[in-house]
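Open the model in your viewer and keep the sequence panel beside it. The tour moves from one selection to the next.

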Amino acid sequence: MPSSPPVPQLPPLKKRDMTIEELKKFDGQNEEGRICVAVNGKVFDVTKGKRFYGPGGPYAAFAGRDASRGLALFSVECHEGYDDLSDLNSMQMDSVREWEIQFQERYHYVGRLLKPNEEPTDYSDEEDASQDQSTVDTASSSPSSKKAD
């Protein structure tokens, strides 16, 4: 049986916050096939987990959606619109936080899921600073900058 061709690796999404409407565009059906899922107010790029979250996958219903409630209730159904999760009990919220940790360990963090009328964070300064810091780190680790004992 022939194997399917390898999926090309996409570059990481630039850090950005998203509204529910923006998140919906990342359902795996878009041109580049990118998939994002929100968990506990954080958006993750789960494209590398396409066999789970992509079309036909067991968790495809979470693609381009806030999966928090579904993960808390062990259901693949998603809430429409922004969900503040305020009606979940402490055990369900613990479950959401555990899933959030799992997503942080496995997938690229993109940004926050915005509440209605919430303004996005401008991450451009943060990205510039991290590039500047990597230049400083490289310079400070050069042999000429080390003191002799």
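Start with Lys-24 and Glu-80. They form a salt bridge, with the closest N and O atoms 3.7 Å apart. This pair links distant parts of the chain: Lys-24 is in helix H1, Glu-80 is in the loop between H3 and H4, and 56 residues separate them. Bear in mind as you go that this is a predicted model.

Are they buried or exposed? Glu-21 counts as exposed, because its relative accessibility is 51%. Lys-24, at 31%, counts as partly exposed. Salt bridges that share partners join Glu-21, Lys-24, Arg-65 and Glu-80 into one network.

How many salt bridges are there in the whole structure? A search finds 11.

For another one, select Arg-112 and Asp-17. Their closest N and O atoms are 3.0 Å apart, in a salt bridge. Arg-112 lies in strand S3 (residues 108-112) and Asp-17 in the segment before helix H1 (20-24), so the pair ties together parts 95 residues apart in sequence. Check the surface at each end. Asp-17 is buried, at 5% relative accessibility. Arg-112 is partly exposed, at 26%.

Next, select helix H4, residues 90-106. Try its length first. With 17 residues at 1.5 Å a residue, H4 should span 24 Å, and its end C-alpha atoms are 24 Å apart, so expectation and model agree.

Then colour H4 by burial. Which of its residues are buried? They are Met-93, Ser-95, Val-96, Glu-100 and Phe-103. Look down the helix axis: these residues fall within an arc of 150°, so they line one face of H4. Turn to the face away from that buried side.

Zoom in on the N-terminal end of H4. Asn-89 caps it. A side-chain oxygen of Asn-89 lies 3.0 Å from the backbone nitrogen of Met-91.

Now pick Met-93, in H4. At a relative accessible area of 16%, Met-93 falls under the 20% cut-off and is therefore buried. What does Met-93 touch, leaving aside its neighbours within four places in sequence? Its contacts are Asn-40, Leu-85 and Leu-88. For a distance to draw, take the C-alpha atoms of Met-93 and Arg-69: they are 9.0 Å apart, across 24 residues of chain.

- Asn-40 sits in the loop between S1 and S2. Its phi is positive, about 55°, although Asn-40 is not a glycine. Asn-40 is partly exposed, with a relative accessible area of 24%.
- Leu-85 sits in the loop between H3 and H4. Its phi is also positive, about 60°, and Leu-85 is not a glycine either. Leu-85 counts as buried, at 7% relative accessibility.

Conventions
Residues numbered from 1 in each chain as written. Predicted model: local features only at pLDDT ≥ 70, side-chain atom pairs only at ≥ 80, totals over all residues. Heavy atoms only, no water. Helix = DSSP H or I, 4+ residues; strand = E, 2+ residues; numbered from the N terminus. Buried < 20%, exposed > 50% of the residue type's maximum accessible area, 1.4 Å probe, protein only. Contact = heavy atoms within 4.5 Å. Expected span 1.5 Å × (residues − 1). Arc of directions from axis to C-beta. Polar contact = N/O pair within 3.5 Å; in protein donor to acceptor, adjacent residues only side chain to side chain. Salt bridge = Lys/Arg side-chain N within 4 Å of Asp/Glu carboxyl O.
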